[in-house]
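Hi everyone, thanks for making time for this one. Please have the sequence and the structure up on your screens while I talk.

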Amino acid sequence: MEAQPTTATTWVIDPMHSEVQFKVKHLMVSTVTGQFSAYEGKLEMAGDDFEASTITFSADIDSISTGNEQRDGHLKSAEFFDAEQFPTLTFTSTQFTKTGDDTYDLTGDLTLHGVTKSVKLKAEYGGQMQDFYGQTKAGFEVTGVIKRKEFGLTWDGVTEAGGVVVSDDVRLVMNIQVTKQA
């Protein structure tokens, strides 16, 4: 008996129902949240389960918003992300492994500020549902921590008292809804 070919399914991020945020400690006493408003991505599923899918994602650095125009300008400047020279953040998965009923380890190559590093993130599957238009949607919450200095984001400020202005740890929190393509 011949094996049936595996069908590939593509899922595309629905930006109207997704959010891509980062959180960083300021003065080590409070957290500042930023987000990207322009991004795209897709998940290529080889079989009937999301495990072993290939995930690609990109975000426009110029779309960063922290709710403060002056801070956003500083983040986009050459002292931080250097949006003019490095306009895009990209991620390509190298492994998507099921670790529980609704949990996955997501490993991949993150390119930020011209530097590519392997990162490991956690993904929690929220389920699937059909929307009012008959489209199948699935949801994931993806979280992790990266070290900004490993990506060449080395700007440091120190207060008069010797306190660190911005932490090295950056928490990533992405709530992603994807739409199954016909």
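Predicted model: local features only at pLDDT ≥ 70, side-chain atom pairs only at ≥ 80, totals over all residues.

Residues are numbered from 1 along each chain as its sequence is written, and side-chain values use heavy atoms, with hydrogens and water left out.

So, the fold. Along the sequence the order reads β-β-β-β-β-β-α-β-β-β-β-β. Of the 182 residues, 38% are buried, where buried means under 20% relative accessible area, exposed over 50% and partly exposed in between, using a 1.4 Å probe and protein chains only. The protein exposes about 10600 Å², with carbon and sulfur atoms supplying 50% of that area; the method is Shrake-Rupley with a 1.4 Å probe, and for residues only the protein chains shown count as cover. As for contacts, meaning heavy atoms within 4.5 Å, take those between residues at least 6 apart in sequence: 56% of them join residues at least 24 apart.

Now to the rings. How many aromatic pairs does a search of the whole structure find? The search gives ten. Rings of Phe, Tyr and Trp (its six-membered ring) pair if their centres lie within 6.5 Å; planes under 30 degrees apart are stacked, over 60 edge-to-face, and the rest tilted. One of the pairs is Trp11 with Phe50, a tilted one at 5.3 Å centre to centre and 55° between the planes. Trp11 sits in strand β1 (residues 9–13) and Phe50 in the loop between β4 (39–45) and β5 (54–60), so this pair ties together parts 39 residues apart in sequence. Trp11 and Phe50 are both buried. Then there is Tyr104 with Phe140, which is edge-to-face because the centres are 6.3 Å apart and the planes at 65°. Tyr104 belongs to strand β8 and Phe140 to strand β10 (residues 136–147), so here the parts tied together are 36 residues apart in sequence. Tyr104 and Phe140 are buried too.

Which residues touch the most other members of the largest nonpolar core? Among its 41 residues, those are Phe36 and Phe50. By nonpolar core I mean buried Ala, Val, Leu, Ile, Met, Phe, Trp, Tyr and Cys residues joined through side-chain atoms within 4.5 Å. Strand β11 (residues 166–180) gives the most to this core, with five residues. Beyond four places in sequence, the contacts of Phe50 include Leu43, Met45, Gln128 and Ala138.

Last, the threonines. Thr10 is in strand β1 and is partly exposed, at 23% relative accessibility. Thr10 and Gln181 are 171 residues apart in sequence, yet their C-alpha atoms are 5.6 Å apart. The side chains of Thr10 and Glu44 make a polar contact of 2.8 Å; that term covers a pair of N or O atoms within 3.5 Å, where within protein one must be able to donate a hydrogen and the other to accept it, and residues adjacent in sequence count only if both atoms are side-chain atoms. Thr107, in strand β8 (residues 103–112), is buried at 16%, and its contacts beyond four places in sequence include Phe91, Ser118 and Lys120.

How values were computed:
Helix = DSSP H or I, 4+ residues; strand = E, 2+ residues; numbered from the N terminus.
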